[in-house]
Amino acid sequence: MSAQPMTDISAFWTESLADELLRFLTGRLKCPDIAAELTHDTYLGLRQIAEKTPPDNARAMAFRIAINLTIDHQRKTMVRDRYGADEDIDALVDTLPGNAAPPEQVLIGQQRLAALQHALGELPQACRTVFVLHGVDGLTYTQIAERLGISKSQVNKLLAQAMAHCARQLAD
């Protein structure tokens, strides 16, 4: 079993090509750091392609790879901007010093949670079940009605009763 010889990437990748790509990407992205990262990723992509099938026009192939990487980057940025920041931003914020709630706020939160648990404990079983299925599990009125074998209007009444009771208890 003979292995194919690896193509020498230096035949396709030059410093002038890297500089040209970096200038192109910096102009397009307006961020030298991201442009440098995508230039490196372009090198890796071109290298991978050249190892399998040497391109006829390495410069054109490099620019095509760079443009595709840029489009992918811009799409990811748009999604992050549209749907909030990075996935773990809340976890990061919680770990930063100085962002912890003051002890009195923690105590107040714990007291309110205990009051809510007490109020839920005072409710009839059906009210409590509907409240938990809707508020905690996120089920719709229709799903709750089907699960419990009751009408949607009964779900609405039980949920309204539970919410009113909890609101009264927490207001005191």
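Mentor: Gladly. Let us start with how helix axes are drawn: each axis is a line fitted to C-alpha atoms over the stretch in contact, and the angle runs from 0 to 180 degrees between N-to-C directions. Please keep in mind that this is a predicted model.

Trainee: At what angle do H6 and H8 pack, and how far apart are their axes?

Mentor: In general, two packed helices are described by the angle between their axes and the distance between the axes. Here H6 and H8 pack at about 95°, with axes 8 Å apart. Angles of 65 to 115 degrees count as roughly perpendicular, and H6 and H8 are therefore roughly perpendicular to each other. On the H6 side the contact is made by Ala126, Cys127, Val130, Phe131 and His134, and on the H8 side by Val155, Leu158, Leu159, Gln161, Ala162 and Met163. By class, the residues of this contact are nine nonpolar, two polar and no charged.

Trainee: Which residues of H6 are buried, and what covers them?

Mentor: Helix H6 spans residues 125–135, and its buried residues are Cys127, Val130, Phe131 and Leu133. Their cover includes helix H5 (103–122), H7 and H8.

Trainee: How do H7 and H8 pack?

Mentor: Helix H7 (residues 141–148) and helix H8 (residues 152–171) pack at an angle of about 105°, and their axes are 8 Å apart. That makes H7 roughly perpendicular to H8. Tyr141, Thr142, Ile144 and Ala145 of H7 make the contact with Lys152, Val155, Asn156 and Leu159 of H8. Five of the residues in this contact are nonpolar, two are polar and one is charged.

Trainee: Ala145 is found in helix H7. Is Ala145 buried or exposed?

Mentor: Ala145 is buried, with a relative accessible area of 7%. Leaving aside its neighbours within four places in sequence, Ala145 is in contact with Ile150, Ser151, Lys152 and Val155.

Trainee: Let us turn to aromatic rings. How many aromatic pairs does a search of the whole structure find?

Mentor: A pair of aromatic rings is described by the distance of the centres and the angle of the planes. A search of the whole structure finds two aromatic pairs. In one of them, the rings of Trp13 and Tyr43 have centres 5.3 Å apart and planes at 65°, so the pair is edge-to-face. Trp13 lies in the segment before H1 and Tyr43 in helix H2, so this pair ties together parts that are 30 residues apart in sequence. Trp13 counts as buried, at 14% relative accessibility.

The pair formed by Phe24 and Phe63 is also edge-to-face, with 5.3 Å centre to centre and 65° between the planes. This pair links distant parts of the chain: Phe24 sits in helix H1 and Phe63 in helix H3 (residues 58–82), 39 residues apart. Phe24 is partly exposed, with a relative accessible area of 29%, whereas Phe63 counts as buried at 14%.

Trainee: Thr42 lies in helix H2. What does Thr42 touch?

Mentor: Not counting residues up to four places away in sequence, Thr42 touches Trp13, Leu21, Ala62, Ile65, Ala66 and Leu69. Its relative accessibility is 0%, so Thr42 counts as buried.

Trainee: What is the phi of Lys30, and where does Lys30 lie?

Mentor: Most residues other than glycine have a negative phi. Lys30 has a positive value, with phi near 60°. Lys30 lies in the loop between helix H1 (15–29) and helix H2 (32–52). With a relative accessible area of 69%, Lys30 is exposed.

Trainee: To finish, how many helices and strands does the protein have, and how much of the protein is buried?

Mentor: The protein has eight helices and zero strands, following the pattern α-α-α-α-α-α-α-α along the sequence. Of its 172 residues, 23% count as buried. The protein exposes about 12100 Å², and carbon and sulfur atoms supply 56% of that area. Among contacts with a separation of 6 or more, 58% come from residues 24 or more positions apart.

Technical notes: Residues are numbered from 1 along each chain as its sequence is written. This is a predicted model: local features need pLDDT of at least 70, side-chain atom pairs count only at pLDDT 80 or more; totals for chains, interfaces and linings use all residues. Side-chain values use heavy atoms; hydrogens and water are left out. Helices (H or I, at least four residues) and strands (E, at least two) are DSSP runs, numbered from the N terminus. Buried means under 20% relative accessible area, exposed over 50%, partly exposed in between (1.4 Å probe, protein chains only). Contact means heavy atoms within 4.5 Å. Accessible areas come from the Shrake-Rupley method with a 1.4 Å probe; for residues, only the protein chains shown count as cover. Angles under 35 degrees count as roughly parallel, over 145 as roughly antiparallel, 65 to 115 as roughly perpendicular and the rest as oblique. Ala, Val, Leu, Ile, Met, Phe, Trp, Tyr, Cys and Pro count as nonpolar, Asp, Glu, Lys and Arg as charged, and the others, Gly among them, as polar. Rings of Phe, Tyr and Trp (its six-membered ring) pair if their centres lie within 6.5 Å; planes under 30 degrees apart count as stacked, over 60 as edge-to-face and the rest as tilted.
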